[in-house]
Structure formats: C-alpha cells, structure tokens
Amino acid sequence: MPPRKKLKASKAAVNDNKTTVVRRRRGSLKELLNMPLEILSEILSYLLPRDLCNMVRTSKVFRDFLLSKKQSRTIWRDAWQAVTDFPTLPPLLSEPALAHLLYSPFCHACGKGQTRKIIFEWQKRYCKDCLDSKYKDWLQRDSQRPLSGDKLWSKLNGSYDVIFNFPSEGGRWFQVQQCEQFLEKWHAAEPTLEAKQQVYKEQTAKKREIMAYAGTLSSWADREKRARSAEIQAMKKQRLRESVAPFLCYLGSILMHHYSVCDRLSCEGWGAELDHILSQSHSRQQFKSTPSIRQAARLTDKAFQKVFSDVERTLRETREHLLAVQRQDRLEARLEDLEKAIENHCVRFPRTAQMLCLPSAFDFVIEPEIEPLLRAPDSRSISPESFVEVLPLVIGRWEARVKDQLRRIIRAKVESIPDDVDPLELAVASFHCLFCSVKTVRYPSILVHPCSYSCVSWPDAPRQYACDLQEVQFKFRYRPSHRTGPSSVPKSPFSSQDWERDDFSAPKGLLAVLDLPPGTTTLAEVQDIRLVCLSCSPRKDVYTWEAALSHISPVHKEWRAATEDERSTAMQLETDAHVLALKTSEWCCALCTTRITRYDTEKVLARHLHAKHGIEFSADCIRDGTVFPHPSAWYIKPAVNILQEPDNDITDTAGG
C-alpha cells in the first residue's frame, strides 16, 4: 500500500520544535451538521431552491436531511415562496422533486449531465439517447394498440389522449412509464363498465391537471432562463470591469507618467525636439517604449534624471536634425534669391539667346563674396539686392574660369593652335556630348546644357556647409524653378570634366573635306560654306556647318563641298525651312519671358505676338530676333533639298 500523501504545508518550518502550519485544510465545515436543528434550519432558510438542490448533492448527510419530509418540508416551502413570480406548487410533485426537475441538469434515466431540455408534460429530463427508449407511438398501427381488443374500452369510446402526451412530428408520443401505470390500473380494476369508467375519468382529470400546469411551468421556466442568462451576463460584465479596472488604472498611470515626462522635458527646453519626435509614428513609438517612460509611477527628480539619460541621445540627435533643416531651408531660400539676382543682372529686354546662358547659383556657393551671404544668420536680412554689388565681379571671374577650362580641353585635343587665337572661336570647338549625342555644343550654349551639370561635393568648403549644399542641391534637381522652364535652370555647379573625353573627330573630318586647318579656321569662316552628304544619294541635301556636324556619323561619312550654285540655291531656301522647323524646337520671345515648347509652336507664337505685343508673326520675326530658339534646344538650320519643293521635303535635323 503506498504511503499516505502529506498535507501541503506553508513555507518551511523554522525548527522542529515549532508546530507546522497547514494550509488549505479541508473539512472545516464538517461541524455544520452537529449544530442544533433550529440553527441549521435558520441557516438553510435563507437559501433558494437552486442552492438547496446543490446542497443535496454535497454529501449523504445533507441528502438525507434535506429529502426528509418531516425535517425539511418547511425549509423547501419557504425556499419556493422566496422565488419571484413562481406559480403555485404543481400536483403530483413534491418540492424537492420540482427543484430536481428545474435545476438539476442530469438525465432522469442515465444520470448524464448537461441535459437541458425539460419535458414538462412528463415532468422528466431525458437525454437524446434515453429519449428513444422512454416513449411509444400507439397511433401508427392498430396491432400495436394494447387495448384494441378490450370490449369495455370500446364501449367507453376510449381515447389514448387520456395518457400524458408529448406532441412531436409524426404522431403522438406517450411515455412508457405513464402508459404502464395506466395499464396496470386498468387491468387491476374490476371488469365492470362502472369500474373501468372510474379509472378512465380519474386518468382524464389527472392528465388535464398536469397538462394545464405544464404550460404555466414552461412559461415560468423560460422567463427564469432568460433572467438567469441576463444575471450571468451581468456577472461576467462586472467581473470583466473588475479585472479590467486595475489594468486601466495601470495604463492611466503610465499615461500620466508619460505626460509628466513630456511636460518636464518641455520645461527643460526640449519642447521643439519632443514635438518633432511625437509627430512621427516610428520615433513616437520608440520614445513611448522607453522602459523608464513606460512606468506607472510618480515622476520624481531622481526618476526624471533616469528618463533624461535614456532619451538624451535621441533628443540631441533630433536637435541637430532640426538645426540642419533650419539651415538648409535658409540656404535654399537664399539660393533662390541668388538665382533671381543672377537673372536680373544678366537678362535685359529685348532678350537674346546668349543672355539665357546663365550660370547656376551653385556655381558661386564657395565664392568668398557669396559664401558669407549664404551662411549669414537669420538675424541678418538677405534679399536679391544683397547680391547685386558683388555679382559683376563674381560672374566675370567665373566666366573667365570656365573659358580657361574649355580652352585647355580644346588645345589638348587640337594641334597647332597659335597662342593669339582663341580656341573657343574655332570651327572645331563644337563639343560632342557622349550622354545625349548632341554634336554641336558650343560656348556659351554649353553653360545651359543639362549634361554639364551633375551633383558634386565641395571638398574645399566647411564640412557642415558642404553637407547642407548637397541636401539643398538634391531638392533643387527635382523641382521647377522661377525661371522660364525646368530645363533652362542648371541646378548644380558647371563641370567640364565630362567634356574632356571628346576628341573633336566630327569637325576635324569636315574640315579635312574642305581642306581647312583645324587649328586656325574660325567658325565665322565656315558659316557661309555648305556641304553635301554623298552617302544620302540620290537625294541632294545641302547642309550648313552645324547641320553637317549633327548629320555626320559612321553611316554618313562621305562628304563634299557644295558648288556655288548649290550654295546660293540652298541659302535662299533656308529661311523658309527655318520657319517650317518651328514645331520641332523650343522658342522664346525676346520681349517677355514667354517660352513655347508645344508642338504647334508657330500658331502659339503667332497668337502670343499678336495678343501681347501687337506684332504679326512672319519670317522677319526670326531674322530680327523677336523670337529665337532657346539655347538648351540645340536648334540648327535644317538641311534643304535643292532638287524638290521645299514645302514637301525638308530634312529636319534640329535638336539632337
């Protein structure tokens, strides 16, 4: 036999001499039954029938006591009288039996629990398995009717409805026990018509009484069930509130601690940084998740020191970020003012294409005259007029520096250039952009070519200033400017580095065809020369110098100089071809800041000149410069075919 289990003791005893304190001792209510009967009856009189039914199942002693008619009848009667809105006690059922029927969820046949359905006509509870074995259907077949051959039953015109019935689909179902009791009384009675009639009447009266009370009891049970369900739901809600309330108080304490920390940090001068942190979801979540902040405690000076040590690094990084944003916003605004000042200084009306070849504001950011103005504190007011005095000197110095860089590139690739010759004036000084394949990029149009500008760093500038410039430069590259169009505004410093890879092979080849030296032939000397592409035979297109540079390629490499007749004929046709090519270029008005980039350029220009300036558009507007192609459009005079009508066949070589 295994040893008897020991009772669980409290924490370890101090020593062996002291008595061990036993926890969870059972049987503390065992003396309840030893109390005087009057006291026990008084205690039980406060219980309801549901409680008494539960007490019956606690022990045999309570079962014997509460089911004793002599000792507990008063207790049960008082309990039922305490039930609200309960009808009178039913016939043929004692008070304990009624409590067992209504409150004990066990099958009356097999004792299986959780049997919810009560058959009030039978005053029983049956589970699904036992229900099939506890009823009979006497109306399906005549052979199954036990009294079908009884003559006295036939004389009485007996009906099986005298048995307590349970309506169901498919017929009337009768309880086996009730049927057997009725049959036993029927056969036990004397075999006379009067005796059988008395049994029949008694059973009929009994059935009426039970069926009448079954409806009343069923209605009360439904109401009680709904009330009990509502009571249970109320208890659940109350328990939920009681369980959630401490948690809500805990969250409230954490929230109050969070607000106290925020107020204290704001008083310490970290309000702007704290607002920035709380305005962003990711940083706000990290801030609130800090262990020293997520506490349900009062914020003392010592606790605040711990909080501040945990978030100090984040606050200082945020302060540095806000200061950088403030500096960059100030620098961005002043660069815009500098752009306006450059445009006001360089552009006069009527405008020319050369006026639009403006430097970028980023070209001057490290100039000694401009840098102090861009980095000046907010207390100093800076406007476009602040740059006016220093711009002539700065722009002149910058132009000289850019020209020297381009001249150095040309001299390195073209041999035999005399010292007294400006390389930028040579015919060979047409740069070929390896990124966009434009072959006619010359100075000063190269200043507004998009490929001449790229995001660069400023190693000679102070580190903080250089970082701010890079951030602002990135913003400028992806937004329009106040100037005439996004493509006309360089948003980075000019760089000649990418032009150093050009070997000037295209202009050198054309000059070789013309038998002219590249080192001394200027652009003015080839302006009136026309060339013919032999690779395009049988067409006879006559090209200007710029058009030939744009057309030449490994496929079109055979050229010759045009004859005098071909040259004179082509020059007469070029003006009309110039006008017809309007739709392929970007044109500007010399009298205002309008820039036309639409496909129907000729119609828009004509409408603009008539509406704004009262001028009728014609070819003379192009000759006198009233309208001109924007330098970033890389417009060149197109080739003309001297063998066909110019309106029908004009080779468009504008752009690139």
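1. The buried residues of helix H5 (residues 95–103) are Glu95, Pro96, Leu98, Ala99, Leu101, Leu102 and Tyr103. Buried means under 20% relative accessible area, exposed over 50%, and partly exposed in between, with a 1.4 Å probe and protein chains only. Since 7 of the 9 residues of H5 are buried, this helix is largely enclosed by the rest of the structure. Helices (H or I, at least four residues) and strands (E, at least two) are DSSP runs numbered from the N terminus.

2. This is a predicted model, in which local features need pLDDT of at least 70 and side-chain atom pairs count only at pLDDT 80 or more, while totals for chains, interfaces and linings use all residues. Residues are numbered from 1 along each chain as its sequence is written, and side-chain values use heavy atoms, with hydrogens and water left out.

3. Contact means heavy atoms within 4.5 Å.

4. The protein chain has 20 helices and 13 strands. Of its 656 residues, 41% are buried. Among contacts with a separation of 6 or more, 61% are between residues 24 or more positions apart.

5. Helix H9 (residues 193–278) and helix H10 (residues 281–288) have axes that come within 13 Å and cross at roughly 155°. Axes are lines fitted to C-alpha atoms, for helices over the stretch in contact, and angles run from 0 to 180 degrees between N-to-C directions. H9 and H10 are therefore roughly antiparallel; the classes are under 35 degrees for roughly parallel, over 145 for roughly antiparallel, 65 to 115 for roughly perpendicular, and oblique for the rest. Their crossing is right-handed, meaning that the near helix is turned clockwise from the far one by less than a right angle, with anticlockwise being left-handed.

6. On the H9 side, the residues in this contact are His258, Val261, Cys262, Leu265, Leu274, His276, Ile277 and Leu278, and they meet Ser283, Arg284, Phe287 and Lys288 of H10.

7. The structure holds 0 disulfides, a disulfide being a pair of cysteine sulfur atoms within 2.5 Å. The sulfur of cysteine 127 is 3.4 Å from its closest cysteine sulfur, in cysteine 130, which is too far for a bond. Cysteine 127 counts as buried, at 8% relative accessibility. Cysteine 436 is also in no disulfide, with the sulfur of cysteine 433 the nearest at 3.4 Å; at 30% relative accessibility, cysteine 436 counts as partly exposed.
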